[in-house]
Amino acid sequence: MPAMIEIDNLRKTFGETLALDGLTFTADEARVFALLGPNGSGKTTTVRILATLLMADSGRAAIGGVDVREHPVAVRRMIGLAGQHAAVDETLTGYENLLMIGRLYRLSARAARKSAAEVLERLSLTDAAQRPVRTYSGGMRRRLDVGASLVGRPRVLLLDEPSAGLDPGARLELWSFLRNLLLDGTTILLTTQQLEEADQLADTVTIIDHGKVIAEGSPAELKARLGTETIEITLADPLELHAATRTVLALAVQPIESDLSAGRMTFKAHAGTKALPAAVRLLDDAQIAVEDVTALRPSLDDVFLSVVGRPAQPGDAHQGGKEVIKR
Amino acid sequence: MTTVTFYPDRLPLFSRLTDSVVIARRGLLGTFRTPQAAVPALISPILFLVLFRFVFGGAIHIPGLTYVDYLVPAMLIQNIVFGGMNSATGLALDARDGILDRFRSLPTPRSAAITGRGLSDLALQLVAHLLTIVAGIAIGFRLHVGPGSCLAALGLLLLIGASLFWVFAAMGLATRNPQTVQSMTPPFFLFLFVSSAFIPVSTLPIWLQGFASNQPVTVFTDALRGLTQGPSAQQATGHPAEYFVIASLAWCAAITTLFAAAAMRSYKKM
């Protein structure tokens with residue numbers, strides 16, 4: 001499998017802040033590669049370097065074997081970028097936006113028209129194609145934004161937090177759209193703060209923090225390393241909460257939290273131990289009626305706790321990172 | 001098996017021009033689609049012209065020229081400054097919303113995003129200029145020269161617009177914040193009002209006259225007065241048209257050199 005994206009020992013500082021600290025990874029062709037990390041971990045900086053918007057202080061970044069520093073124009077012919085904002089013109093229609101980007105991708109007028117129409121079709125935006133983007137919903141804008149990066153038929157798609165600011169429905173829509181893209185062999189690098197998104201989309205996940213890789217693997221491998229999952233059980237009768245807590249005590253690795261008014265208890269269990277069915281069975285044996293059970297997907301914080309041994313601090317990192325990028 | 005495709009590292013010879021036109025088209029379409037912003041921008045110069053002509057016109061005596069003949073060239077320079085604020089705000093918005101990042105990630109000349117905006121804004125300024133001249137003619141403005149001199153005036157006007165565009169582009173790209181751009185208006189009012197634009201410099205306090213007679217707004221307006229009103233303008237401006245035209249060209253060269261470099265530096269650093 002040839003590596004489509006190669007990042008080797010990349011370093012970048014903004015003033016006194018170290019954004020990338022020897023970052024190294026490769027992403028395979030026709031696969032989805034997720035860069036997972038909290039705000040300020042260096043995700044956006046990495047994407048901007050790959051998109052030739054920013055130069056690294058040292059190290060190498062290449063797309064399709066072409067060095068981004070030495071041949072930026074050749075790289076730009078291969079990539080499509082969708083940044084954190086939906087970078088589409090509000091006053092133009094969806095079709096006009098794509099047509100303009102197509103022309104700037106050096107397509108002929110005819111090819112740009114054809115490509116714009118095709119992309120709108122794939123985005124299920126054909127009906128809205130002739131409406132100004134101003135009238136689009138957030139999810140439609142985001143799809144159009146990703147679509148704008150597709151009109152040049154790029155080999156590599158760089159998506160910086162594609163689902164940021166989308167409601168759950170729009171997010172699911174975007175995910176299914178991105179999965180379809182893979183069918184034509186596009187390589188996708190996406191950044192995200194949500195393990196769930198990486199889990200849903202990516203073949204390989206690389207977790208970064210402070211500009212360094214701290215864990216790599218397939219979503220399944222990473223989850224196996226996670227150690228715990230969170231289980232939430234709601235009882236039919238809140239008065240049985242105390243008894244229920246004692247019943248499942250053996251499964252929990254941390255103290256059980258209970259919410260008496262809601263009749264709900266929450267606890268962490270070892271992953272891979274089938275704690276959820278076990279808990280249901282134990283409660284059933286004790287004749288405690290269960291109304292609802294949920295296994296909560298591990299959050300990025302859980303990953304951090306298990307891999308780094310400390311929680312991520314998105315709040316602090318957010319401030320630092322964004323300020324620096326603006327300067 | 002991967003197909004090996006050759007991706008050239010160069011752009012076509014004329015892409016700077018063609019891609020600027022593609023981006024300029026976006027600016028023009030956007031303006032037509034938002035008449036609530038475009039119409040006031042086109043109406044306000046006419047409003048200013050009529051107000052100044054009838055409110056101050058009676059109080060201000062200009063040697064050799066009627067006040068409306070004196071005023072219209074100043075309104076044209078004012079169009080450039082007010083239009084320029086829109087260029088700065090537009091570029092700041094594009095920078096803030098990631099639109100410039102998108103353009104910069106495409107195989108298009110990096111400068112095209114800026115020159116494209118310049119082209120569309122100059123086209124809009126031209127419309128504002130024409131409306132101002134027509135309104136001027138309606139209230140008594142006359143061209144007292146031949147067609148050659150009129151064309152020279154129009155050429156100079158566009159050159160001034162293109163040069164000052166870089167000042168506003170530098171503002172928008174350096175701040176990347178439309179609010180900050182708006183807060184930077186006061187100096188432009190200083191340049192507009194402490195000049196020969198609306199009143200003769202000789203009526204200003206002595207200590208202001210040195211600045212007022214040599215700063216670009218005075219030089220530009222007096223050049224346009226010389227080119228549109230002929231020799232009689234000299235009584236009002238103090239020098240023949242040639243003097244102001246050469247001084248204008250020098251100012252344009254200096255402003256473009258300085259601010260185009262500043263704008264491109266901010267743009268590359270983004």
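**Working through the model**

Tutor: Chain A is assigned domain 1 (3-224) and domain 2 (227-296). The bounds come from an automatic or database domain assignment. This is a predicted model, where local features need pLDDT of at least 70, side-chain atom pairs count only at pLDDT 80 or more, and totals for chains, interfaces and linings use all residues. Residues are numbered from 1 along each chain as its sequence is written, while chains are lettered from A and ligands numbered from 1 in the order in which they are written.

Student: How far apart are the C-alpha centres of domain 1 and domain 2 of chain A?

Tutor: They lie 40 Å apart. The C-alpha trace of chain A spans about 70 × 45 × 40 Å along its principal axes.

Student: What are the model's scores?

Tutor: ipTM is 0.89 and pTM is 0.84. Chain A averages a pLDDT of 87, with 91% of the residues at 70 or above. pLDDT is the predictor's confidence in each residue, from 0 to 100. Over residues 315-327 of chain A the pLDDT is below 50. Beyond near neighbours in sequence, that stretch has 18 contacts in the model. A contact means two C-beta atoms, placed from the backbone, within 7 Å.

Student: And what is the mean pLDDT of chain B?

Tutor: The mean for chain B is 93, and 98% of its residues reach 70 or more.

Student: Back to chain A. How many helices and strands?

Tutor: Chain A has 12 helices and 14 strands. These are DSSP runs numbered from the N terminus: helices are H or I with at least four residues, strands are E with at least two.

Student: Which strands form the open sheet?

Tutor: The order is β2-β1-β4-β5 in chain A, with antiparallel pairing. Strands pair if DSSP finds at least two bridges between them. β2 (17-28) and β5 (66-67) of chain A each have a single partner strand, so one side of each is left without a neighbour in the sheet. Helix α1 (residues 43-50) of chain A packs on the sheet, touching β1, β2 and β4 of chain A. Its direction makes about 120 degrees with that of β1(A). Axes are lines fitted to C-alpha atoms, for helices over the stretch in contact, and angles run from 0 to 180 degrees between N-to-C directions.

Student: How many bridges join β1 and β4 of chain A?

Tutor: 5 bridges join β1 (residues 3-14) to β4 (residues 58-63) of chain A, running antiparallel. Within that pair, I5(A) stands opposite I63(A).

Student: Now domain 2. What does β13 of chain A pair with?

Tutor: Strand β11 (residues 228-235) of chain A is joined to β13 (residues 264-270) of chain A by 7 bridges, antiparallel. I231(A) sits opposite F267(A) there. β12 (residues 257-259) of chain A is also antiparallel to β13(A), with 3 bridges. In this pairing S258(A) is opposite M265(A).

Student: What phi does G263(A) take in the hairpin?

Tutor: A positive one, near 65 degrees. The hairpin of β12(A) and β13(A) has 4 residues between the strands.

Student: Switching to helices. Is α3 of chain A covered or open?

Tutor: Mostly covered. Helix α3 (residues 94-104) of chain A has 11 of its 11 residues buried. Buried means 20 or more other C-beta atoms within 10 Å of a residue's own; 12 or fewer is exposed, and in between is partly exposed, with C-beta atoms placed from the backbone. Among the buried residues are Y95(A), E96(A) and R103(A).

Student: What covers them?

Tutor: The cover includes α4 (109-122) and α5 (138-148) of chain A, together with α1 and α4 of chain B. After α3(A) comes R106(A), whose phi is positive, near 75 degrees.

Student: So what about the interface? How many residues of chain B are in contact with chain A?

Tutor: 24 residues of chain B are in contact with 30 residues of chain A. On the chain B side, α1 (15-33) and α4 (99-104) give two or more residues. α1(B) gives the most, with 6 residues.

Student: Last one. Why does F165(B) count as buried?

Tutor: Because F165(B) has 29 C-beta neighbours inside 10 Å. The residue is in helix α6 (residues 147-175) of chain B. Leaving aside neighbours within four places in sequence, its contacts include G84(B), S87(B) and L122(B). G84(B) is 81 residues away along the chain, yet the C-alpha atoms of F165(B) and G84(B) are separated by 6.0 Å.
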